Amino acid sequence: MPDPTEWFLTKAERGNSFSRLPAWCEGNRAEPLVHGATYFDQLATEVEALRAGDHVFFTDWRGDPDQKMREDGPTVAECSAGPPSGASS
């Protein structure tokens, strides 16, 4: 496996001292999922598991805010808005 330091920029190399996004670190996981029910269900699961200071980054060719992530919701917009009020962090 290639050395990740050859692929990812350090905070200094990014050159954006105003960014609050973390630079790469070990222990991250990337899992490619094909668009569809499996993708949205897993994305909702990952977002639900986030705690204070966590980040999740995902790509979507065409994101629709009203797309339901599961049959009974939430929608992408609801999931992107953050945890429901009263949720623990």
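## A pocket, a ring pair and a buried threonine

At 5% relative accessibility, phenylalanine 40 counts as buried, because buried means under 20% relative accessible area. This is a predicted model, so keep that in mind as you look around. Here is a short tour of a ring pair, a pocket and a loop residue.

**The aromatic pair**

- Tyrosine 39 is buried too, with a relative accessibility of 11%.
- The count of aromatic pairs comes to one.
- That pair joins tyrosine 39 and phenylalanine 40, whose ring centres are 4.8 Å apart.
- The planes of these two rings stand at 75 degrees, so the pair is edge-to-face; the cut-off for that label is over 60 degrees.

**The largest pocket**

- The largest pocket holds about 1300 Å³ of space.
- It is lined by 35 residues, and those closest to its centre are Arg29, Ala30, Glu31, Val56 and Phe57.
- By type, the lining splits into 21 nonpolar, eight charged and six polar residues.
- Helix H2, which covers residues 37-48, gives the most to this lining, with four residues.

**Threonine 75**

- You can find threonine 75 in the loop between H2 and helix H3, the latter spanning 76-80.
- Is threonine 75 buried or exposed? Its relative accessible area is 16%, so threonine 75 is buried.
- Leaving out residues up to four places away in sequence, threonine 75 touches Pro65, Asp66, Gln67, Lys68 and Met69.

Technical notes:
Residues are numbered from 1 along each chain as its sequence is written. This is a predicted model: local features need pLDDT of at least 70, side-chain atom pairs count only at pLDDT 80 or more; totals for chains, interfaces and linings use all residues. Side-chain values use heavy atoms; hydrogens and water are left out. On a 1 Å grid over the protein atoms alone, a cavity is a set of points where a 1.4 Å probe fits but cannot get out, and a pocket is an open set with protein on both sides within 12 Å along at least five of seven lines; lining residues have an atom within 4 Å of a point. Grid points are joined across faces, edges and corners, and a volume is the space filled by probe spheres set on the points. Helices (H or I, at least four residues) and strands (E, at least two) are DSSP runs, numbered from the N terminus. Ala, Val, Leu, Ile, Met, Phe, Trp, Tyr, Cys and Pro count as nonpolar, Asp, Glu, Lys and Arg as charged, and the others, Gly among them, as polar. Buried means under 20% relative accessible area, exposed over 50%, partly exposed in between (1.4 Å probe, protein chains only). Contact means heavy atoms within 4.5 Å. Rings of Phe, Tyr and Trp (its six-membered ring) pair if their centres lie within 6.5 Å; planes under 30 degrees apart count as stacked, over 60 as edge-to-face and the rest as tilted.
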